[in-house]
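Hi everyone, thanks for coming.

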Amino acid sequence: MDIAQTKITTVRLTAAALFMGMNIALSSFGIPVPGGHLYLCDAVICIAAVLLNPFEAFVVGGIGSFLGDMIFYPLPMFVSLVTHGLQAVVISLISKKVLKHHPVAASWIAVAVGGVIMVVGYTLGKTYVYSTFEYAMIKLPYEIAQAVLGIAVSMTLLWKCGIKNAFDRMIDNI
């Protein structure tokens, strides 16, 4: 194995581990709103999915959310594994395969589709886990707000604060 590939693998592994740890940590607390909480883990999942490949994104989104829920709130942990895992993979694929010459537009499309996946996945998952469609519908506005918050925070950090460019430069310099 070439040393350059080892460095890239090490950097990517470290980045995935860092994002996974952030995902777990941000699963532990939320922003209190009347009737619920908004969690910032969606922003971490979106950022990681835009920066990393689909497998790494799944590890951060799916497994990270699963572990966070297992530690802090185990009832929906399998819903989180599937929903956030699928969300991360789809965001990663779209942001890397669609509109290759327009990465900002591609990532906006990707995180918007990912937000829809998260809202639908959690709504269906909560219907199954809590065995009541009404509970899932009561929580639907919070899921939508969490998705919008995650999209806004992630896109601001990626493009306005320069995380995407810094990550690409770091990978290119290795």
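This is a predicted model: local features need pLDDT of at least 70, side-chain atom pairs count only at pLDDT 80 or more; totals for chains, interfaces and linings use all residues.

Let's begin with the largest pocket, which has a volume of about 500 Å³. There are 23 residues lining it, and the closest to its centre are Tyr39, Tyr73, Lys126, Glu143 and Gln146. Which elements supply at least two residues each of this lining? They are strand 2 (36-38), helix 3 (54-72), helix 4 (77-97), helix 5 (103-130) and helix 6 (133-160). Helix 6 gives the most, with five residues. By class, the lining of the largest pocket has ten nonpolar, nine polar and four charged residues.

Now the second largest pocket, with about 280 Å³ of space. Here 17 residues form the lining, and Val50, Ser95, Lys96, Lys164 and Asp168 are the closest to the centre. Two or more residues come from each of helix 2 (41-51), helix 4, helix 5 and helix 7. Helix 7 gives the most to this lining, with five residues. As for classes, the second largest pocket is lined by nine nonpolar, two polar and six charged residues.

That brings us to helix 7 itself, residues 163-172. Its buried residues are Lys164, Phe167 and Ile171. Because these cover an arc of only 70° around the axis, they sit on the same side of helix 7. Turn to the other side of helix 7, and you find Arg169 and Asp172 exposed.

Thanks, and I'm happy to take questions.

Key:
Residues are numbered from 1 along each chain as its sequence is written. Side-chain values use heavy atoms; hydrogens and water are left out. Buried means under 20% relative accessible area, exposed over 50%, partly exposed in between (1.4 Å probe, protein chains only). Helices (H or I, at least four residues) and strands (E, at least two) are DSSP runs, numbered from the N terminus. The arc is that of the directions from the helix axis to the C-beta atoms. On a 1 Å grid over the protein atoms alone, a cavity is a set of points where a 1.4 Å probe fits but cannot get out, and a pocket is an open set with protein on both sides within 12 Å along at least five of seven lines; lining residues have an atom within 4 Å of a point. Grid points are joined across faces, edges and corners, and a volume is the space filled by probe spheres set on the points. Ala, Val, Leu, Ile, Met, Phe, Trp, Tyr, Cys and Pro count as nonpolar, Asp, Glu, Lys and Arg as charged, and the others, Gly among them, as polar.
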